[in-house]
Amino acid sequence: MQATPTLEQAEAPPAPNSRTFARAFADVKIAWEHRELWGHLGWQDIKQRYRRSVIGPLWITISMGTTALALGFLYSQLFNEDTATFLPYVTAGFVIWAFILGCVTEGTDVFISNEGLIKHLPAPITVHVLRLVWRQILFFAHNLIVYVVVLAIFFTSLNHPYKMGNDPLEKPGLGWSILLTIPGFALLALNAIWVSLLFGIISTRFRDIPPVVNSFINLVFFMTPIVWHAGVLNRVTAGQGDGGNWRVLIAELNPVYHYVEVVRAPMLGHPILWHHWAVVGGLTIFGWFLALVALRNWRARVSYWV
């Protein structure tokens, strides 16, 4: 015979369920409200990295400038490209790639490297992700100086319609479309948050993920049109007919290419191909859904896994 519950038991509220999307959304919302915290921590990360350095964070710019200029000149000669148009292309690609690379590789380690704060600071775990992305945005701002300098040097080659090497498609040249760089980068940063959040949670549970990502990231770099441009894939070599068009899939099936293009195309006066924005928009929705599912299911376990 089942016992009759007491008055206190009957009036007691049901036990809260931490695995709800409401809790996941609340984690992100509260983390955004703590932007003074992660904003300050992001600044401190850069100051700490270059503490006692004579020129400080300018080393970020110098390193990016050296790499972009060296590889830009090298690959322009290897691919028989015009340096005046190819060097800005490589520079813009490297600046964007550095942001993506930092968010992905450091994102896999975001909770592991913040073990002390997670265990002692009562804050949403998304705070650490926003700190990481904010730090990478600051790095991006430093690297953007290299792009501005290169653009100023070769501006006369980019402010009118031009072609790049053997690419049959003509580029419109720099214009008001350069303003699309702002929403393009905002969309890229929004994706960086869910990537770091999702990879960070999975990597905290499975410590094999960071080395796997680091192993494959170089392959992704060479498969992405950064030191080569996707226009060369549109060429149909003699005797191949239309069968050469399968090469286009090398770029189009690479999601990183679309992320790069929504920012790089307006930066260089390239035609705005809206299918890049459509792909990135779809990946944004799908990626945030996966991140929120992971946040809903395993948010409370991160502090134990670290």
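The legends below describe close-up views of a predicted model. Residues are numbered from 1 along each chain as its sequence is written, and side-chain values use heavy atoms, without hydrogens and water. Because this is a predicted model, local features need pLDDT of at least 70 and side-chain atom pairs count only at pLDDT 80 or more, while totals for chains, interfaces and linings use all residues.

**View 1. Two tryptophan rings, W32 and W38, form an aromatic pair.** The structure holds 12 aromatic pairs, where rings of Phe, Tyr and Trp (its six-membered ring) pair if their centres lie within 6.5 Å, and planes under 30 degrees apart count as stacked, over 60 as edge-to-face and the rest as tilted. W32 and W38 are tilted, at 5.9 Å centre to centre with 40° between the planes. W32 is partly exposed at 49% relative accessible area, whereas W38 is buried at 9% (buried means under 20%, exposed over 50%, partly exposed in between, with a 1.4 Å probe and protein chains only).

**View 2. F94 and F221 form a tilted aromatic pair.** F94 belongs to helix 5 (residues 83-107) and F221 to helix 10 (residues 209-223), so that the pair links parts of the chain 127 residues apart (helices are DSSP runs of H or I, at least four residues, numbered from the N terminus).

**View 3. Arginine R296 lies over the face of F21.** The distance to the ring centre is 4.6 Å, and a charge sits over a ring if NZ of Lys or CZ of Arg is within 6 Å of the ring centre and within 35 degrees of the ring normal.

Notes
Helix = DSSP H or I, 4+ residues; strand = E, 2+ residues; numbered from the N terminus.
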